[in-house]
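I opened my notebook today to look up a few things in this structure.

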Amino acid sequence: MLVSFQKDQDQANFHVTLTLEPENFDALGSECRLTYDEFCDAINTEISAEESEWHELRMKDMVNLTRDAVLEATILKYAKEKYDLNSGDFTGKAIDYSKRYDTEGKFLGEAMSISYVYIPVMGVNITS
């Protein structure tokens, strides 16, 4: 699999981590591509979330935000196809980059991990 899938449970909370290793980056782009509309939706969703502070961001931050949005959308599309994962079920997320080195210490690139958490809400019945 191009994107690794790890699922953990902590009491009633579920944690899912999807990781794209640097050596799988090109292969993922070949196997799972966003459509034009999916690409635009990913960027527009991120830009809308940052709209109030967009004018304060440096260009580097803008590029990183849109890069993360496109990578996340591609990874999620792959995870939905391969693992039947629906990201709409999750209540929180975190994106992390980890440097990867070979056995001789040569830098290979960065792995991208997206961690999601699902915290089920307890049903409450209110009677009058």
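What covers the buried residues of α2? I found that the cover includes α3 (59–83). Before going on, I noted that this is a predicted model, where local features need pLDDT of at least 70, side-chain atom pairs count only at pLDDT 80 or more, and totals for chains, interfaces and linings use all residues. I also noted that residues are numbered from 1 along each chain as its sequence is written, and that side-chain values use heavy atoms, with hydrogens and water left out.

**Entry 1: helix α2.** Buried here are Ala42, Ile43, Glu46 and Glu50 (buried is under 20% relative accessible area, exposed over 50%, partly exposed in between, with a 1.4 Å probe and protein chains only). They sit on the same side of α2 because they cover an arc of only 85° around the axis (taken from the directions from the helix axis to the C-beta atoms). On the other side, I found Tyr36, Asp37 and Thr45 exposed.

**Entry 2: the sheet.** I traced four strands in an open, antiparallel sheet, ordered β1-β2-β4-β3 (two strands pair if DSSP finds at least two bridges between them). At the edges are β1 (3–10) and β3 (92–101), each pairing on one side only. Between β1 and β2 (residues 13–20) I read eight bridges, and glutamine 6 stands opposite threonine 17. Helix α3 packs on the sheet and touches β1, β2, β3 and β4 (107–118) (contact means heavy atoms within 4.5 Å).

**Entry 3: glutamate 72.** Leaving aside neighbours within four places in sequence, I saw it in contact with Lys93, Ile95, Met112, Ile114 and Tyr116. Its side chain joins that of tyrosine 116 in a polar contact of 2.8 Å (a pair of N or O atoms within 3.5 Å; within protein, one must be able to donate a hydrogen and the other to accept it, and residues adjacent in sequence count only if both atoms are side-chain atoms).

**Entry 4: β3 and β4.** Ten bridges pair these strands in the antiparallel sense, and I found isoleucine 95 opposite isoleucine 114. Their hairpin has five residues between the strands, and glycine 105 takes a positive phi near 90° there.

How values were computed. Helices (H or I, at least four residues) and strands (E, at least two) are DSSP runs, numbered from the N terminus. Axes are lines fitted to C-alpha atoms, for helices over the stretch in contact, and angles run from 0 to 180 degrees between N-to-C directions.
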